[in-house]
Amino acid sequence: MSDNVEKYIKRNVNKGINSRIAQKFVDAGLEVMRSCINCGTCTGGCPSGRRTAYRTRSAIRRALTGDESVLSDIDIWLCSTCYYCYERCPRNIPVTDMIIKLRNIAVEEGYILDPHFSLANDIFYVTGHGVPANGEANKKWQDLRESYGLPPLPPTVHTHPEAVKEVQELLKSVGFTELMENAAKLKGERAKKEEKKEEVK
Ligand code: SF4
Ligand code: SF4
């Protein structure tokens, strides 16, 4: 894409689209989201959308127009971050980054799925791994690797358990633990509200 076209696209954002969620994108330096023309190219090529109800264009549209239900929609977690849409958007919008940002906003507001919460807290924080492939429970993967003549997995916190503390310090310093605590709190509050609503019915 030529520089001129890029400049045109950057200038031609629709500032009239300004939902609370859209403003968060602007604050994160992603104002270009407001230049979406709703063409559906992102949805058309999305491999996840071919197999699920997830529609990229719709998720972007809902975020732009302030449809808050998009934050609790499980579909936004179906994006595989393959970057296919990112490469093809005619408005040069970093669509995949938008979806990742949308997920970040969702988690900040307590919309985190139980398996993700458990992975983040009970596995990643505790072991220093998202997928602790070196653990005893995963020995079969190590054996499989060796059977293909591949070198053993590189040293990790499994072989250097003292490094877990460093990982945890790092996670604290970037606000990960605070984010998780807040998400758990908001999720719990929301669940209680729902329970009360059910009792009233
Ligand atoms: S491809 Fe780009 S412009 Fe078209 S709907 Fe998707 S995000 Fe919007
Ligand atoms: S990055 Fe996500 S939204 Fe984009 S094409 Fe891939 S799966 Fe679909």
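Helix 4 (47-51) and helix 6 (84-88) each give at least two residues to the shell around ligand 2, where helices are DSSP runs of H or I with at least four residues, numbered from the N terminus. This is a predicted model, in which local features need pLDDT of at least 70 and side-chain atom pairs count only at pLDDT 80 or more, while totals for chains, interfaces and linings use all residues. Residues are numbered from 1 along each chain as its sequence is written, chains are lettered from A and ligands numbered from 1 in the order in which they are written, and side-chain values use heavy atoms, with hydrogens and water left out.

Staying with ligand 2, 13 residues surround it, and the closest are Cys-46, Cys-79, Cys-82, Tyr-83 and Cys-85; a residue counts as near if one of its heavy atoms lies within 4 Å. That shell has 8 nonpolar, 5 polar and no charged residues, with Ala, Val, Leu, Ile, Met, Phe, Trp, Tyr, Cys and Pro taken as nonpolar, Asp, Glu, Lys and Arg as charged, and the others, Gly among them, as polar.

Ligand 2 sits in the second largest cavity, whereas the space taken by ligand 1 is the largest cavity. A cavity here is a set of points, on a 1 Å grid over the protein atoms alone, where a 1.4 Å probe fits but cannot get out, and a pocket is an open set with protein on both sides within 12 Å along at least five of seven lines, lining residues having an atom within 4 Å of a point. A molecule sits in one if more than half of its atoms lie within 2 Å of its grid points.

Around ligand 1 we find, among others, Cys-36, Cys-39, Cys-42 and Cys-89, together with Arg-57 and Arg-91, and this shell divides into 7 nonpolar, 3 polar and 2 charged residues.

The lining has 13 residues, with Val-107, Ile-112, His-116, Ala-120 and Met-180 nearest the pocket's centre, and helix 8 gives the most, with 5 residues. By class, the lining holds 10 nonpolar, 2 polar and 1 charged. Finally, the centres of the two domains, taken over C-alpha atoms, are 27 Å apart.

Key:
Domains from an automatic or database assignment.
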